[in-house]
Amino acid sequence: MLDLTGKRAPGDTAFRFVAAAAAGLVLLILALIAITMSARAVPVFQSMGLRFFSETRWSAPEGVFGALPFLWGTLFTAAIAIVLAVPVSLGVALFITEVAPRWLRKPLVYVVDLLAVVPSVVFGLWGVVVLSQFFGLGRSFLTAGVILAIMITPIITSLAREVMETTPASEKEAALALGATRWEMIGAAVLPHSAGGLVGSVMLGLGRALGETIAVALVIGSALGRITLDPMAAGYSMPAVIANEWGEAAGLHKSALIALAVTLFLITIVVNLIASAVVQRSMRKSRGL
Amino acid sequence: MSRRLIVSTIAVASLAFAACQQQARQQTLNGSGATFQKPYQEAAIERFTALHRNITINYSGGGSGKGRQDLADMVVDFAGSDSPFKEADLAGNKGGEVLYFPILLGPVAVCFNLEGVASLQLSAGTIARIFQRDVTLWNDPAIAADNPDLTLPAAGIVVVHRSDGSGTTDNFTKFLVSAAPEVWRLQSGSTVEWPAETQAGAGNSGIAQIVRATAGAVGYVDLSDAKASGLPYARVKNQAGNYVEPTVSSASAAGDGIEVNDDLTFSAVNAGGPGSYPITGQSWVIVYANQADQAKAAAIQAYVRFLVGDGQELLPELDFAPLPPGLQAKALAQVDRIRTS
C-alpha cells in the first residue's frame, strides 16, 4: 500500500501531541467544572432533597430554596425570545440568500453579524432605558424576552443563512422550471432541504437565551416566586439570581446558587448537544452523504 | 559604538535595579468587600497614601460576603464587611484568628416619592407592614397613626428593595426583626423573601432611581445616596418613642447606645437613647491577627490605625458617623494585636 505520510518528522509528533493535549484539556476543564460544581451543590440537596426542583419559595434566612420559579423564568423568557426571533431571523436569512440583490448581501451579513458582538450589558442597559422606561414595558418577562430575541437573532440568522445556501441550485431551478413563484420555490426546495439545520440553529439560539445573565438581570424585575403566563409580570431567571445574590451569599445559600448553576449547565448542555446533532445530520444529508 | 552600547546597558541595568529596590520598600495592601464603606475607604486611601508614599492600597467592592470570602482564602490583606463572619464559616479562614475593627456607623434612610408629602413619620411596625405588603395604600390607618397631622393620599404604595444581596438589606431587615418582631415575618439577611409584587433595584442608586421615577414608591438607601437623589426621607420612631431624622449626629447617638462584644462586634440597629436613629448600620475592617510578613504587618497596622483614628474626621462629610469615643479607644488598642508570629 502506498503511504503518502512518509516518515514521522519530530515536528509532526510534537504537533500531534500539542493538538491532542489541547483537545483533551477542553474536555478535562468541562469535566472538572461539572465535578467541582456538583460537589459544592450537594449541601442544598441534603437539606432540600428533590424538593429543590419543585419548591416555589426562596428564602435565604429560612434556608428554604426552591428553583422552580427561576426555572420557569428562564424557560419562559427563552420561549418568548424564540417566538419573536425565529420568524425575523428566518426572514432575514431568506432575504439575504434568495431575495436581496447581490451587492446588498455582504453588507447585510456584516451588519447582522455585528449585532452578535455587542456586549450583553449594553443590550441590558438599552433595555432598561428604552424598552422598560421609554416604551413602558417595565421590568418583566416580556422585556427580558425582547432583549434575548435581539441577542439571538444574529446567531440564528447566520446559521440559517449558511444552511439555506447549501440548497443545490438544481433543486431550486427545477422548482422554478415547473412554474413555481419565488415563494413557492422557497417552500418547495429551500425550506424542506434545510429544515434540520434550521431546527439546529434555533436550538443554538435557545442555548444562548437560556444562559444569558447580565442583560436579563437588568430587565427581568427580580421578583421572587412568580410562575405565571402573564408576560408583563416581573419575574426572575436562574442566571440572574446567581449574579444578583452571589456576592453576599454564604453557607447553604451559596450551595443553592451553585445548584442553580449546575441545573442551568445541564439544561444548556442538553440543548446544545441536541442542536449540534441535528445540525450535523442535516449538513450530512444536504451534502448527500 | 560597542562602548556606547556597554555604557547604556549599564545605565539601563542600574535604573532597573533602582526600580527593584524601590519596589522592595513599596508595600501594597489589597482589600475587598462592603460597598457601604467604600466611600470612606476611597477618601481614607487618598489621605493616607499622601502621608505614606511607600504604601499603595486598593479597595475593590463586591459586597461584604465577597470580602469575607476573599479574606478567608487569603487573596486580600483586609476585608470590609457590614457583618461579622458566621460562626460556622470561621473554620474556613486559612489565616487563623481574625480581628474586627469597627470603622464607621451609617444611617439607612427610608426615602419615598409621594405627591404633596414632604415629611413622613414611620414606626418600625408600619415599615414592616409596608415592606411585606400588609399595607398597600398610603392612607392606611397604620401610616395615619404615625402621622396624625398629615392628610395622606389614597395612592398605592410601591415597595422598592435591593435586587442584589446587600449589607444594607441585612441591616434594614435586622432593624425590623429587632424593633417589630411581632409584625415582621421575612427575617433578616443580605437578601430576604420579598413579596413578588415589589420592585427591585441594583444598588443604593438603583433603588433611589426607581423611587424617584415611580409615584407612591418607598425604598431604603444609605443616607448619602438618599441625599444625592433629592428624595425626602422618613423620620423613624426609635426605642425611646421619638421620631428621629437620619443624620450624622442621630447615627452617632445610636453609637452611644450600643452594646459591644469583646471582639468589637455589635449591631447598631434599634439602639437605645432618646436621639438615636434606629436604622443605623455599621461596617468593619477585618484582618488576620497573625501576619507572615513584618513590613506588611506594619503597613496594615498603620492603615487600620488611620481608619479608626485620624481618618474618622473624614466621615461626617460622607454622611457617616464616627465611632463613639469608648469604642474608638478599644479599636485603637486592638491595633497592636496585629503582629507577625
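## Domains of chain B

The C-alpha centres of domain 1 of chain B and domain 2 of chain B lie 30 Å apart in this predicted model. The domain assignment places residues 27-104 together with 283-340 in domain 1 of chain B, and residues 107-255 in domain 2. To the contact between them, domain 1 of chain B gives 16 residues and domain 2 of chain B gives 14 residues. On the side of domain 1 of chain B that touches domain 2 of chain B, 10 residues are nonpolar, four are polar and two are charged.

## Nonpolar cores

The largest nonpolar core holds 89 residues, of which B:Val110, B:Cys111, B:Val211, B:Val287 and B:Val304 touch the most other members. Strand E4 of chain B, residues 98-113, supplies the largest share of this core, namely 11 residues. Because domain 1 and domain 2 of chain B both give residues to this core, the core lies between them.

Once its neighbours within four places in sequence are left aside, B:Val110 is in contact with B:Leu122, B:Ile127, B:Val218, B:Tyr220, B:Tyr233, B:Ala234 and B:Val236. Apart from this core lies another, of 82 residues, whose members include A:Ala41, A:Ala67, A:Ile150 and A:Leu198.

B:Val236, one of the contacts of B:Val110, has B:Val244 in strand E10 of chain B as its bridge partner. Strand E9 of chain B, residues 235-237, pairs with E10(B) in the antiparallel sense, over two bridges. The strands belong to an open sheet of three, with the order E5-E9-E10 in chain B and with mixed pairing. Its edge strands, each pairing on one side only, are strand E5 (121-122) and strand E10 (243-244) of chain B.

## The enclosed helix H3 of chain B

Helix H3 of chain B, residues 64-72, has nine of its nine residues buried, so the helix is largely enclosed by the rest of the structure.

## Positive phi values

Most residues other than glycine have a negative phi. H3(B) is followed by B:Met74, whose phi is positive, near 60°. B:Asn270, in the loop between helix H9 (248-256) and E11 of chain B, likewise has a positive phi, near 55°. With 22 other C-beta atoms within 10 Å, B:Asn270 counts as buried, since the cut-off for a buried residue is 20 or more.

A positive phi, near 65°, is also found at B:Asp319, which lies in the loop between helix H10 (294-308) and helix H11 (325-334) of chain B. B:Asp319 is buried as well, with 21 other C-beta atoms within 10 Å.

## Contact between chains A and B

Between the two chains, 19 residues of chain A are in contact with 22 residues of chain B. On the side of chain A that touches chain B, the elements giving two or more residues are strand E1 (58-59) and helix H10 (238-245) of chain A. By class, this side of chain A has seven nonpolar, seven polar and five charged residues.

How values were computed:
Residues are numbered from 1 along each chain as its sequence is written. Chains are lettered from A and ligands numbered from 1 in the order in which they are written. This is a predicted model: local features need pLDDT of at least 70, side-chain atom pairs count only at pLDDT 80 or more; totals for chains, interfaces and linings use all residues. Two residues are in contact if their C-beta atoms, placed from the backbone, lie within 7 Å. Helices (H or I, at least four residues) and strands (E, at least two) are DSSP runs, numbered from the N terminus. Ala, Val, Leu, Ile, Met, Phe, Trp, Tyr, Cys and Pro count as nonpolar, Asp, Glu, Lys and Arg as charged, and the others, Gly among them, as polar. A residue is buried if 20 or more other C-beta atoms lie within 10 Å of its own, exposed if 12 or fewer, and partly exposed in between; C-beta atoms are placed from the backbone. A nonpolar core is a set of buried Ala, Val, Leu, Ile, Met, Phe, Trp, Tyr and Cys residues joined through C-beta atoms within 7 Å. Domain bounds come from an automatic or database domain assignment. Two strands pair if DSSP finds at least two bridges between them.
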